[in-house]
Amino acid sequence: MDQAEMLRSIMEEEGGTSKPSEIPSRERNEGVRVIAVTSGKGGVGKTNIAANFAYITALKGKRTLLVDADAGLANIDVILGITPEFNLYHVLRGEKKLSEVIVTGPGGIRILPASSGIAEMTDLSRGSKLTLLEELQDIDEPLDFIFIDTAAGIAGNVMYFNMVAKEIVVVVTPEPTSLTDAYALIKLLYKNYGAKRFKLVTNMVKNAAESKAVFSRLSRATEHFLNLSIDYLGLIPFDPRVQETVKRQCLLAQGYPKSKAVQSLKSIVDKLMKEEPDTYDRGTIKFFGRSCIERL
Ligand SMILES: Nc1ncnc2c1ncn2[C@@H]1O[C@H](COP(=O)(O)OP(=O)(O)OP(=O)(O)O)[C@@H](O)[C@H]1O
Ligand SMILES: [Mg+2]
């Protein structure tokens, strides 16, 4: 009997019922999609993309949590204009429960804020990584999506959050360094951490032709050198209104819902929502991969 069944049988014995709202969270959230938004090079648009994904899924009636996993230089709070009192740092220090730290943002999205400028957050200890994993697994609210906005690069924290997620969206721009850094990130996640599927989003592109060219350069490299196929998820055009909305501390999808960039973001979200969650590598840990614990 697993923990969820045990809890349910205790509830029944105690005269409770097993209505959906009373089913333990671990079981309720078994189907949650945990998606990392990541990149090799910094400044390619991850935070904006992750936040807009979260907002758009919430508008579509999904229960969504946005995790700020750029633990050194957090900025989801800045782009959303929120000033949370507590953050991930307090959870990892055991001072707060996750439920005391998560706040509600635009469109009802739930946000797990990070902290800025705390050196120890840039290199989480194994203990902290396990604490966070446990807290996320025991989260006491039902969720359909968790989007994790990671830091850029190939540091241990970035690897960790990508492994926690299992579904990995890699953001690239047409800049050559963005491509080479994306390749380095994919190579490391594939070879050292066993990640097998990567979904590419091109950002700040001029048009579909440029986006396809970026995708084909990267996918040719991964196929040739790693024997690995990557998926094309979609493109987001360059739009100066992204910067403008960042300054106004609102999301593009809030400020310019009819813009081409938002239509692109929406079609990417539709595509993500239609996909079956990845089923490979399912371990006994129900909602995050066992593999990520073994590799910590
Ligand atoms: N589609 C776009 N068109 C124009 N500007 C964009 C677009 N997407 C993002 N930007 C701008 O690029 C900059 C970087 O965006 P963002 O902070 O989301 O990137 P990031 O990948 O999260 O960066 P970091 O690696 O530092 O966390 C911001 O100034 C943002 O306004
Ligand atoms: Mg960012």
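This is a predicted model: local features need pLDDT of at least 70, side-chain atom pairs count only at pLDDT 80 or more; totals for chains, interfaces and linings use all residues.

Modeller: Gladly, starting with pairing: two strands pair if DSSP finds at least two bridges between them. Helices (H or I, at least four residues) and strands (E, at least two) are themselves DSSP runs, numbered from the N terminus. Here, strand β1 (residues 33-39) and strand β5 (residues 145-152) run parallel and are joined by six bridges. Residues are numbered from 1 along each chain as its sequence is written, while chains are lettered from A and ligands numbered from 1 in the order in which they are written.

Colleague: What order do the strands of the open sheet take?

Modeller: The general idea is that strands of a sheet pair through backbone hydrogen bonds, either parallel or antiparallel. In this model the open sheet has eight strands in the order β3-β4-β2-β5-β1-β6-β7-β8, and the pairing is mixed. At its edges are β3 (103-104) and β8 (231-237), each of which pairs on one side only.

Colleague: Which helices pack on the sheet?

Modeller: For that we need contacts and angles. Two residues are in contact if their C-beta atoms, placed from the backbone, lie within 7 Å. Axes are lines fitted to C-alpha atoms, for helices over the stretch in contact, and angles run from 0 to 180 degrees between N-to-C directions. Helix α9 (residues 176-193) packs on the sheet and touches β1, β6 (167-172) and β7 (198-205), its direction making about 160° with that of β6. Helix α13 (residues 260-274) also packs on the sheet, touching β7 and β8, and its direction makes about 160° with that of β8.

Colleague: At what angle do α3 and α13 pack?

Modeller: Helix α3 (residues 46-59) packs against α13 at about 70°, with the axes 10 Å apart. Angles under 35 degrees count as roughly parallel, over 145 as roughly antiparallel, 65 to 115 as roughly perpendicular and the rest as oblique. So α3 is roughly perpendicular to α13. In the contact, Asn52, Phe53, Ile56 and Thr57 of α3 meet Leu265, Lys266 and Val269 of α13. Those residues divide into four nonpolar, two polar and one charged, where Ala, Val, Leu, Ile, Met, Phe, Trp, Tyr, Cys and Pro count as nonpolar, Asp, Glu, Lys and Arg as charged, and the others, Gly among them, as polar.

Colleague: And how do α9 and α10 pack?

Modeller: α9 and helix α10 (residues 208-226) pack at about 40°, with their axes 11 Å apart. Among the α9 residues in this contact are Leu179, Tyr183 and Ile186, and the α10 residues include Val214, Leu218 and Leu226. The contact of α9 with α10 divides into nine nonpolar, one polar and two charged residues.

Colleague: Is β6 buried or exposed?

Modeller: A residue is buried if 20 or more other C-beta atoms lie within 10 Å of its own, exposed if 12 or fewer, and partly exposed in between, with C-beta atoms placed from the backbone. Six of the six residues of β6 are buried, so the strand is largely enclosed by the rest of the structure. Glu167, Val169 and Val171 point one way, and Ile168, Val170 and Val172 the other. Among the partners, alanine 36 goes with isoleucine 168 in β6, and valine 170 with leucine 200 in β7.

Helix α8 (residues 156-165) is mostly covered too, with nine of its ten residues buried. Of the 296 residues of the protein, 44% count as buried.

Colleague: Where do positive phi values turn up in residues other than glycine?

Modeller: Methionine 204 has phi near 60°, and this residue is found in strand β7. Methionine 204 counts as buried because 21 C-beta neighbours lie inside 10 Å. Glutamine 249 has a positive phi of about 55° and lies in the loop between α11 (241-247) and α12 (252-255). Glutamine 249 is exposed, as 12 other C-beta atoms lie within 10 Å. Lysine 166, which follows α8, also has a positive phi, near 75°.
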